[in-house]
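Here are my notes for someone opening this one up for the first time. Have a look around, then read the points in order.

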Amino acid sequence: LSCPLYFLDFETMQDAVPQYDGAKVYAQITFQYSLHIKQNETAPYEHRKFLAPSDGSDPRRALAEQLCRDIPMDVCTLAYNKMFECGRIRELAALYPDLAPHLLNIADNIKDLIDPFRAGDYYVPAMGGSFSIKSVLPALFPNDSELDYHNLDERCQNGGDAMTIFPRIKDMEPEEAKASRQALLDYCKLDTWAMVKVWEKLKKVIK
């Protein structure tokens with residue numbers, strides 16, 4: 001791994017009845033991402049984000065365009081269980097050929113932060129045999145309230161909540177819609193901040 005590092009996480013929804021052109025039944029429609037960026041070893045982390053408008057419009061083109069602006073070509077991107085992020089990026093590339101070279105370059109340069117745990121290179125009993133970020137994070141940081149998903153707004157504390165709440169926002173009252181969007185932003189931001197903290201922990205271990 002080498003700086004600059006880009007820590008990426010997506011949120012998606014699935015529709016039994018496709019809403020958008022080219023979408024299939026229960027296709028993963030990416031509507032949100034969080035991105036923490038470490039430009040060099042001493043630089044503070046930057047945070048960038050995308051959350052699609054809650055008006056029922058297709059979120060994919062705008063998300064793909066901003067992702068290409070936020071992640072340059074030929075940089076190292078980290079995901080946790082990268083098959084998911086790579087799959088969504090490749091779907092976007094197939095959907096938008098004009099963006100495909102950049103999108104595919106991002107996908108080709110994604111490294112997987114789950115690898116040290118899946119390979120058994122780092123393990124503590126508190127993980128309970130699971131390599132999920134939701135198991136790894138509390139095992140590595142058991143007393144850090146800022147990294148506890150249960151301290152988030154109860155509207156959105158996991159990916160299932162995000163998948164359920166986003167398509168419903170367009171039918172909410174304005175105040176509830178605003179709170180729900182903030183809950184989505186906070187949840188997705190914690191996903192990439194969790195990756196940052198796990199990466200920092202692994203760096204300390206190898207030293």
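1. Start with helix α2, which lies across β1, β2, β4 and β5 and runs at about 75° to β1. Contact here means heavy atoms within 4.5 Å. Axes are lines fitted to C-alpha atoms, for helices over the stretch in contact, and angles run from 0 to 180 degrees between N-to-C directions. Helices (H or I, at least four residues) and strands (E, at least two) are DSSP runs, numbered from the N terminus.

2. A word on what you're looking at: this is a predicted model, where local features need pLDDT of at least 70 and side-chain atom pairs count only at pLDDT 80 or more, while totals for chains, interfaces and linings use all residues. Residues are numbered from 1 along each chain as its sequence is written, and side-chain values use heavy atoms, with hydrogens and water left out.

3. Now the sheet. It is open, has five strands in the order β3-β2-β1-β4-β5, and its pairing is mixed. At the edges sit β3 (46-51) and β5, each pairing on one side only. From one strand to the next the twist averages 30°. Two strands pair if DSSP finds at least two bridges between them.

4. Follow β1 (residues 5-14) next. With β4 it runs parallel, joined by three bridges; with β2 (residues 28-38) the sense is antiparallel, over ten bridges. Phe7 is a handy landmark: its bridge partner in β4 is Leu78, and in β2 it stands opposite His36.

5. Which way do the residues of β4 (residues 76-79) point? Cys76 and Leu78 go one way, Thr77 and Ala79 the other, and all are buried, meaning under 20% relative accessible area, with exposed over 50% and partly exposed in between (1.4 Å probe, protein chains only). In a regular strand the side chains alternate between the two faces of the sheet. β4 also runs parallel to β5 (residues 110-112), with three bridges between them, and there Thr77 stands opposite Ile110.

6. For helix packing, see α1 (residues 60-70) and α3 (residues 100-108), whose axes come within 10 Å and cross at roughly 65°. The crossing of α1 and α3 is left-handed, that is, the near helix is turned anticlockwise from the far one by less than a right angle (clockwise would be right-handed). Ala64, Leu67 and Cys68 of α1 make the contact with His102, Leu103 and Ile106 of α3.

7. Two loop residues deserve a click. Asp74, in the loop between α1 and β4, has a phi near 65°, a positive value in a residue other than glycine, and is exposed at a relative accessible area of 61%. Asn81 lies in the loop between β4 and α2 (83-95); phi of Asn81 is also positive, near 65°, and Asn81 is partly exposed at 31%. Look at Pro4 too, in the segment before β1: the peptide bond from Cys3 to Pro4 is cis, with omega near 0°.

8. How many disulfides are there? A search of the whole structure finds zero, taking a disulfide as a pair of cysteine sulfur atoms within 2.5 Å. For Cys3, the nearest cysteine sulfur, that of Cys76, is 8.8 Å away. Cys188 is buried, at 1% relative accessible area, whereas Cys3 is partly exposed at 27%.
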